[in-house]
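Below is a short note for someone opening this entry for the first time. Please read the points with the structure in view.

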Amino acid sequence: MEIDKTIIQEVALSFNGGKDSTVLLHLLKAGYFLHKAEESSSQDVADGENTLPIRTIYFETSNAFPEINSFTYETHVCKKYNLQMDILCLDFKSGLEALLKANPIRAIFLGVRIGDPTAVGQEQFSPSSPGWPPFMRVNPILDWSYSMYGPSFWFARFGTAAFMIKGIRQLGASMTLFLMHYWASGTTTTAKKKFRPAYLLADGRLERAGRVKKYTLPVSGKLSSVSNGLKIEDLNSNNMLNASIIAVGNEILFGTVEDKFGSVLCRKFHSIGWAASLLVVARNDIDSVAEEVERRKSTSDMVFIYGGVGPLHSDVTVAGVAKAFGVRIAPDEEFEKHLRHLIGEKCTGDKNEMALLPEGITELLHHEQLSVPMIKCGKVIILTATNVAELDLQWNCLIDSLKSNGDLVVTAPFVSKCLATTLSDVEVARPLSKLCLQFPDLYVGVYRGSRKGPLMIRFEGKDLSRIEAACQSLCQNFYPGAFSETE
C-alpha cells in the first residue's frame, strides 16, 4: 500500500548536522527506499533513490560550526537528498511553535540517545513537554550506543561534516568544544598534532570528551556569612563555600558499623578552605536518600554522598540521587565498559545493574590512578570508596579532576589553635560568650576528652593573626598560665 501523502506531511526530521541526526537521516532514507521498492517497479525506485520527501527542520545559530552549515546546505544533505528544508533562526521552542502553527506536523524524528541531556525522561515515543507545542517525539536510536554505529561504516560510507575529520565527536556551540583525538607523527622533536577522523574513534567512552566547562561562582548573598578576617576585595576567599555530607546505611543507624568517612571528609574540606555545613545519615531507602539529596543540593555548593552503591538490594544511593533530580536511571555504556574491564567474568547477563546511572545528568570524572571513573551528578559527588585509604585516593583524584575542569574553587585553608585549661565551664562561660561577639569571624569550640579531663578550647578560622588575637584576649581575663597550647 502506498504511503499516504498526508502522513508524510505530518512528520518531520529534526536535523542538526551531527552524527546522530546524520545516522537517523540515512535510516529514514533506507526505510523509505525499502517501502517504495515493495510497491513500485525497480526503475521507479532507481529514479527516486536519492529523494526523501520528509520535511526536515534545521535550526541555524550564530555560534554553529561553519562546516555544519556547509555540510547541510552545500555538500551533502540538501544536495544529495533534495530535502524539503525548513531553516529556522529562532530558538528551538519559538521556532517549533511558528513551524507547527503553519504546518500540520504531528510527529518529529529526533536523533536523541540515552546519555544526552535532552534524553532525560524520554522513551522511543514521548509527547512533547508541558508548555511546548503538541507533537510526538520519535526517538528511533534512543538506545543505540556509539559502538553500534560501526563508525567506520556509517561515516566513511555515508559521509559526515568536515569538522568530524578534525576529530570532534560531539556537537555544541563552537566555543565550548576543543579537539581531543589526535596522533603525533614525525620525530619526537618535530612531531605535529594531526587529527584523526572522529569516525575512527575506537573507544566509545571518549565520545563526549572535549567539553570545556566553566565554573560559576556561588551566589554571594547566600554564602558570604563569614569573613574570617580576609580582605574584602578577595572575593573568592570572602565567600564561605560549603559542602554537605550524606552517609547512607542502616548499619550506621543500627550502630553495627562506625562511620569513619564523615570526619575524614570534614578535615579534607577544611584543607581546601571549604566548610562542612552538615553531616547526616540516611536510611537504605530510595525516598530517604532522595529527600536528603534534594534538600542539600539546594543549600550547598557541593554534596558528597557515600554508602549504598552497588548491585545489592540495599544499594539505593544512585536511584535516590536520580529521584532527587527527577530523572530515571539508565545504562551508561562508558561506565559499563570500565566495570567489565575491572570485574570481567563476574559480570552476568547483558546488563550490569551497577552501570545504571542517573540519565542525562551524570558526568564521569576520569583519573589515571582510578580504574573506574568517579560519578558526578550536577553538584552531587557519589563516592564509592569502601575504606579510608580508598577515600584518600578518590579525594586526591577528585580534586585534580575538578580543578583541571574549572569546577572547583580552592580557597585559603582553615587554620586552628587549641588551648587547654583546668578552669571550670562556669568560669570560662561568660568570657567565651564575649569573645564570640568580639571575633564573629572565628569559630570557637569547647569540649572535654573526659569528665575530669582538661577543658579544650579550639579556635578555627582563615586568618592566623585573628586567632592569635582571640587567644590573647581570652588569656587576659585569667591569671597567667591558666591556658596552655596543645594539639
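**Notes on the model**

1. D86 is buried: its relative accessible area is 16%, and the cut-off for buried is under 20%. This residue belongs to strand β3, residues 84-88. Leaving aside residues up to four places away in sequence, D86 touches R55, T56, I57, Y58 and L99. The model is a predicted one, and this applies to every point that follows.

2. F33 lies in helix α2, which covers residues 19-39. Its relative accessibility is 29%, so F33 counts as partly exposed.

3. Overall content. The protein chain has 487 residues, of which 45% count as buried. Its secondary structure comes to 17 helices and 20 strands. Taking contacts between residues at least 6 apart in sequence, 72% join residues at least 24 apart.

4. Confidence. The mean pLDDT of the protein chain is 77, and 71% of the residues score at least 70. Where is confidence lowest, and where is it highest? Helix α8 (residues 220-223) has the lowest mean, 37, while β11 has the highest, 96. The pLDDT is below 50 over residues 165-191, a stretch with 78 contacts in the model beyond near neighbours in sequence. It is also below 50 over residues 210-238, where the corresponding number of contacts is 57. Where pLDDT is low, the predicted coordinates should not be read in detail.

5. The six-stranded sheet. An open sheet of 6 strands runs in the order β10-β9-β11-β16-β15-β14, and its pairing is mixed. The edges are taken by β10 (275-282) and β14 (362-365); each has a single partner strand, so one side of each is left without a neighbour in the sheet. From one strand to the next, the twist averages 25°. Helix α15 (residues 388-405) packs on this sheet, where it touches β11, β14, β15 (374-377) and β16 (380-383). The direction of α15 makes about 110° with that of β14.

6. Strand β9 within that sheet. Strand β9 (residues 242-248) pairs with β11 (residues 302-306) in the parallel sense, over 5 bridges. In that pairing, A243 stands opposite M302, and A247 has Y306 as its bridge partner. β9 also runs parallel to β10, to which 7 bridges join it; here the bridge partner of S244 is L278.

7. Why is β9 described as largely enclosed by the rest of the structure? Because 7 of its 7 residues are buried. In a regular strand the side chains alternate between the two faces of the sheet. Both faces of β9 are covered: N242, S244, I246 and V248 are buried on one side, and A243, I245 and A247 are buried on the other.

8. Helix α13. In this helix (residues 317-325), the buried residues include T317, V318, G320, V321, A322 and A324. G326 follows α13 and has a positive phi, near 75°.

9. The four-stranded sheet. A further open sheet has 4 strands in the order β18-β19-β17-β20, with antiparallel pairing. β18 and β20 (484-486) are its edge strands; each has a single partner strand, so one side of each lacks a neighbour in the sheet. Neighbouring strands here are turned by 30° against each other on average, direction ignored. Strand β17 (residues 415-421) and β20 run antiparallel and are joined by 3 bridges. C418 stands opposite T486 in β20. α17 lies across β17 and β19, and runs at about 15° to β17.

10. Helix α16. This helix (residues 425-438) has 14 residues and reaches 20 Å from its first C-alpha to its last, close to the 20 Å expected at 1.5 Å a residue. At P431, α16 bends by about 25°. V428, P431, L432 and L435 of α16 are buried. The buried residues of α16 pack against β18 (443-448), β19 (455-461) and α17 (464-475). Two of these partners, β18 and β19, are strands of the sheet in point 9.

Notes:
Residues are numbered from 1 along each chain as its sequence is written. This is a predicted model: local features need pLDDT of at least 70, side-chain atom pairs count only at pLDDT 80 or more; totals for chains, interfaces and linings use all residues. Side-chain values use heavy atoms; hydrogens and water are left out. Two strands pair if DSSP finds at least two bridges between them. Helices (H or I, at least four residues) and strands (E, at least two) are DSSP runs, numbered from the N terminus. Axes are lines fitted to C-alpha atoms, for helices over the stretch in contact, and angles run from 0 to 180 degrees between N-to-C directions. Contact means heavy atoms within 4.5 Å. The expected span of a helix is 1.5 Å times one less than its number of residues. The bend at a residue is the angle between axes fitted to the seven residues ending there and the seven starting there. Buried means under 20% relative accessible area, exposed over 50%, partly exposed in between (1.4 Å probe, protein chains only). pLDDT is the predictor's confidence in each residue, from 0 to 100.
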